[in-house]
Amino acid sequence: TVSIACDFSSTGLTSEAKEMIDRVTWNTGSSDGTTYTYTNINPNVFYNLERSSYTGKICSGSSCNDTVTRTTSWVGEVGLMYPSDYGYATSGGTNTNRTTCLNTYLYSWDGSGVSDCKTNDWLHNSNDFYWTLTSVAFSSYVFNGNITGAINSNLVSNAFVIQPSIYLKPDIKVSNGIGTIDFPYMLQV
């Protein structure tokens, strides 16, 4: 068996691979900026906020924190992962079980008392800061993954990594593999 790196920067995806990607509605709801800030949101609450009517714009009377027109969804093929995706990707461990991880604020996942949450999270990236799709209820801020395992918020002007996320069409099946680097999933229509 020959194994090669999956670098599509010069070749792109094949036509067959592109046909497997579904066009879906991506939820772009935000935190409300009052009840929920970036420091007090667990995966379940993030999931609901991502699907909420909060746009991230804060207005009082006729004054708003920015002039950007914001929506709570958009339709497309490729997006970024949600903070809730990161939280739900943990299996927990021997010191901190999955239920405890899901009830812990994602901002606190860098703490030693819950290290099993990030250590056993297949989406955790300990090499780079990376963006998520979910905005913060303050102008120019977006939730991001931190190399320490926490979900924070940062200015959109920062040069962080992006990790594209897609939905496969419903008729796509896994024909082989176990999802590891050595035995990746093989997909078929």
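Residues are numbered from 1 along each chain as its sequence is written, and side-chain values use heavy atoms, leaving out hydrogens and water. Because the model is predicted, local features need pLDDT of at least 70 and side-chain atom pairs count only at pLDDT 80 or more, while totals for chains, interfaces and linings use all residues.

**View 1. An open sheet of 3 strands runs in the order β6-β7-β8.** Its pairing is antiparallel. Here strands are DSSP runs of E with at least two residues, numbered from the N terminus, and two strands pair if DSSP finds at least two bridges between them. At the edges sit β6 (130–135) and β8 (151–155), each pairing on one side only. From one strand to the next, the twist averages 45 degrees, with axes taken as lines fitted to C-alpha atoms and angles running from 0 to 180 degrees between N-to-C directions.

**View 2. β6 meets β7 (residues 141–145).** The two strands are antiparallel, joined over 3 bridges. Look for Trp-131, whose bridge partner in β7 is Asn-144, and for Ser-135, which stands opposite Val-142 of β7.

**View 3. β7 is largely enclosed by the rest of the structure, because 4 of its 5 residues are buried.** Buried means under 20% relative accessible area (1.4 Å probe, protein chains only).

**View 4. β7 and β8 form a hairpin with 5 residues between the strands.** Their antiparallel pairing spans 5 bridges. Val-142 stands opposite Asn-154 in β8. Within this hairpin, Gly-149 takes a positive phi near 110 degrees.

Terms used
Buried < 20%, exposed > 50% of the residue type's maximum accessible area, 1.4 Å probe, protein only.
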